[in-house]
Amino acid sequence: MIQDIYPSKLNNAFQNCKCSSEDILLHFDEEGKILSRIKDNLLYFPRGAEGNDSVYLFSVDNQKYFLAMHCEMQAEDGYAYHTVREIRDNASGKEVYAVFTAYHLWKWYCDNRYCGKCGSGMQHDAKERALQCSACCHRIYPRINPAVIVGVMNGDSLLITRYRKGYAHNALVAGFTEIGETLEETVQREVMEETGVRVRNIRYYKSQPWGMAQDILMGFFCEAEENSEIHMDQNELKYAEWVKREDIILQPNNMSLTNEMMKMFRDHQISAAE
């Protein structure tokens, strides 16, 4: 999955430090595209410079990453502005994980320039990753959206879906947790809303950070109730069918929790509860 970068390691601990020419400087435009260069499936970024307006994001091993703030950067020497999806589809390695994580933080900084209580400007805290209002002192921290990925099993088949918009490849039922819900209730509701299938024996599998949507994804497997028929939500999905293990077509890369769950079922490493 995208976070599996061993032996490298992402260190997200906050540091109050300045960007130097040895550091990577990430720049997103107003549409959320990142200035980068993709060559031979590898991803490259501009370097920083003394005195630039930036904020420290994280480090991968000993390499520091900063986010450019309120400044223009020209695309030169083979660099261009790429969407996060384009990077997902055309590059691999720890740099892709860095982009997803940086996008999550960029989106938070971008969406919180002004205080939600009084409308005054927000300021960066010097001791932790937080923003504080310059007038009323209202304080906020990076937002993380909880969401579920659900592998619904029916004997030797898995419920495979495809979204009506956006990602075009095979997927599983997925959705955000709502106010007052447990994760298990989210699983039941999302499967019912998207496919009309009732489920039982819900059990946790694994989690994944997914900065593209500012998510923490939590994977669950469960079984369909007997005689469950698919009644697909056509506004959300364009495909929802029971697919035999040997017929499951995986996504084109191994970055997502969804793809790993489909692969685990296809390869007989996950089965219905006894």
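1. C137 has a positive phi near 70° although it is not a glycine. You will find C137 in the loop between β9 and β10 (139–140); strands here are DSSP runs of E with at least two residues, helices are runs of H or I with at least four, and both are numbered from the N terminus.

2. A word on the model before going further. It is a predicted model, in which local features need pLDDT of at least 70 and side-chain atom pairs count only at pLDDT 80 or more, while totals for chains, interfaces and linings use all residues. Residues are numbered from 1 along each chain as its sequence is written, and side-chain values use heavy atoms, with hydrogens and water left out.

3. Two other backbone details are worth a look. N227 also has a positive phi, near 65°, in a residue other than glycine. N227 sits in the loop between β15 and β16 (237–244) and is exposed, with a relative accessible area of 77%.

4. Four strands form an open sheet with mixed pairing, in the order β1-β5-β6-β2; strands count as paired if DSSP finds at least two bridges between them. At the edges are β1 and β2 (24–26), each pairing on one side only. β2 runs parallel to β6, with three bridges between them, and I24 has Y65 in β6 as its bridge partner.

5. Six of its seven residues are buried, so β5 is largely enclosed by the rest of the structure. β5 runs antiparallel to β1 (residues 10–11), joined by two bridges, with L10 opposite V60. β5 also runs antiparallel to β6 (residues 63–68), this time through six bridges, with Y56 opposite F66. β5 and β6 make a hairpin with two residues between them, and D61 in the turn has a positive phi of about 55°.

6. In soluble globular proteins, nonpolar side chains tend to be buried together.

7. D125 is a polar point to check. D125 is buried, with a relative accessible area of 18%, in the loop between β8 (122–124) and β9 (131–133). Its side chain makes a polar contact of 2.6 Å with the side chain of R139; that term means a pair of N or O atoms within 3.5 Å where, within protein, one must be able to donate a hydrogen and the other to accept it, and residues adjacent in sequence count only if both atoms are side-chain atoms. A polar atom of the D125 side chain also lies 2.6 Å from the backbone nitrogen of K127.

8. Eight of the ten residues of α4 are buried, so α4 is largely enclosed by the rest of the structure. Among those buried are L257, M261 and F265. The buried residues of α4 pack against β11, β12 (157–163), β14 and β15, where contact means heavy atoms within 4.5 Å. Just after α4, H268 takes a positive phi of about 65°.

Conventions. Buried < 20%, exposed > 50% of the residue type's maximum accessible area, 1.4 Å probe, protein only.
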